[in-house]
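Here is a short report on one structure. Look at the sequence and the 3D view, then read on.

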There are 2 protein chains.
Amino acid sequence: MKHLTRRNLLAGAAAASAATALTPVANSPASAAAPQATTQAPGWYRYKVGSYDITAVTDGRNTFKLPDTFVINAKKDQVNEALLAAHMEKDMMTIPYTPIVINTGAKLIVMDTGTGEANFERSKGVGGQFFNNLKASGYDRNAVDLVIISHFHGDHINGLIKPDGSPSFPNAEIMVPAVEMKYFMDDAEMNKQTSERMKGVFAGTRKVFDALKRKVTQYEVGKEIAPGITSVATYGHTPGHTSYVVASGGKTVYVQADVTNHPALFARNPGWHAFFDQIPDMAEATRRKVYDMLVVEKMMVQGFHYPFPSVAYVEKAGSGYREIPVMWNATL
Amino acid sequence: MKHLTRRNLLAGAAAASAATALTPVANSPASAAAPQATTQAPGWYRYKVGSYDITAVTDGRNTFKLPDTFVINAKKDQVNEALLAAHMEKDMMTIPYTPIVINTGAKLIVMDTGTGEANFERSKGVGGQFFNNLKASGYDRNAVDLVIISHFHGDHINGLIKPDGSPSFPNAEIMVPAVEMKYFMDDAEMNKQTSERMKGVFAGTRKVFDALKRKVTQYEVGKEIAPGITSVATYGHTPGHTSYVVASGGKTVYVQADVTNHPALFARNPGWHAFFDQIPDMAEATRRKVYDMLVVEKMMVQGFHYPFPSVAYVEKAGSGYREIPVMWNATL
């Protein structure tokens, strides 16, 4: 019996690859082949938490050259090492965006909104997918009753308005963290900013909320802000950054927003400070507390920047944590 | 500033849960809410290997009470421990099925076929989904040029025929491992079987291949059996069990078929013998060789029984291996 060895396996693969590259395919069919498909599957995935439906709806992702200071307290080599360990590309960073939709049976709720429809064209369809995927998932934006915002960075709020500045969810109440609203709408805070990036973040928040005439409902932390949805202070990433426990029928999921960015870097290395963590030490303390809790409670986490469908459990791994993606269920 | 503690978080969550369960929702909207969606996303996912399109197409899954002897050389308690570590349910087993479709640009190729359309009704849509999802992915079963079979267990071959016994892929050549064909079509081997299960496996192979009048092409291992697709002997799970290296443009994916069943049990514990491994010691030796190779070569693996979309990298973990799912790409 012939058996696998690495040498004959790879020799075979190399030969196959060379054959494909260099010579006409010997056994091409006489008839034309089926054209190669050009589309990806619609980016949504649905699961139940008690009687609630949760639909993870990807807004796509952003891939960019890894900045030297992407992690302000780690060397680029260390970041590259973590990327390679996760089988991601060296010197490049990819950040997925995954808002969710909760249907409680009584309310249709969107949590965070993605990078906005204007980004769909700008990114050639790589980002800004939320509204297309929402529709594909079977929900009409006009049926959305409530939009809950975790914090005011652009990838979470830009989807609140259409490219023409009108509301993306015309029939929805918009709820924002009171602490975040106070901070970002404070002109003194805005005028204090020295970095171009933070000036841009402030300008972005004004653009969105001014378009909405600042007609939003401010919510407090530690309270049930909608049926079964309790807000939790997870400050640090921004001054008012907020997460949620969604509970129904004795089941829960923790919606973490940006407690970590991509888990391959920041769950694995909770001590790393991403350059967009506005209060890095506080963000780290929050991250460690939340992740220790997720481990102890074996609580499912929905992570905005986790790889789609962005729902996982968490376990300790070395000096950090590792996510265990929830097994895809092919039925509801 | 209020801050997260586990106590106040969980008190909040418990209160939310209790409130939802026991009291009418205070802030229900006056208007009817959007009806809860009843469908799951179509179960297919597409990625490129060089110039080849690969589409993972789920056939669904099977969930059943964990048999006492599911792993013949481990105690049920140990298996339960591994299930719980993977955040799966204790005393239950779930096995996903994921055939793939390869479009080389010249040929449309299906690898393994799932549990068959008759199983869709039998399982109430939980399994037997392959043909629905194939269609949703944009491919017509009539356009399939070639079906490649890894081994003759029912979840891999039953989809070759329709419930009425006619071919599921009327225009496709069907390629099967010569070693597997010889073994399963040998009446002496069939008559040797003593277990009801193995008698059933043999009967199942006759049912399928007799319906096809045994009109199949037998392929040898270690050869390029279709453009860029090299067969590799991975005997043990069955006597002729075969895997593949798919190579295009210098990129590769290893299509492992059943070198492991669910990775949470059998990649993590390569020494465990699933009761359906026909030659357990050989299956284990194959598993260790293949997985050591996947780790060293950092080669992507497509696993028939991996959680959808069933494509991952592999790393060493303790005395076994751990899969790192490939990050979902929301564009092609």
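What is the mean pLDDT of chain A?

## Confidence

The mean is 92, and 90% of the residues of chain A reach 70 or more. pLDDT is the predictor's confidence in each residue, from 0 to 100. Over residues 1-30 of chain A, pLDDT stays under 50. For the complex, the predictor gives an ipTM of 0.90 and a pTM of 0.91.

This is a predicted model: local features need pLDDT of at least 70, side-chain atom pairs count only at pLDDT 80 or more, and totals for chains, interfaces and linings use all residues. Residues are numbered from 1 along each chain as its sequence is written, while chains are lettered from A and ligands numbered from 1 in the order in which they are written.

## Overall shape of chain A

Chain A has 10 helices and 16 strands. These are DSSP runs, numbered from the N terminus (helices: H or I, at least four residues; strands: E, at least two). The radius of gyration, taken over C-alpha atoms, is 22 Å for chain A.

## A hairpin in chain B

Strands β1 (residues 44-49) and β2 (residues 52-57) of chain B run antiparallel, joined by six bridges. Strands pair if DSSP finds at least two bridges between them. K48(B) stands opposite D53(B). Two residues lie between the strands, and G50(B) takes a positive phi near 60°.

Technical notes. Contact = placed C-beta atoms within 7 Å. Rg over C-alpha atoms; globule rule 2.2 N^0.38 Å.
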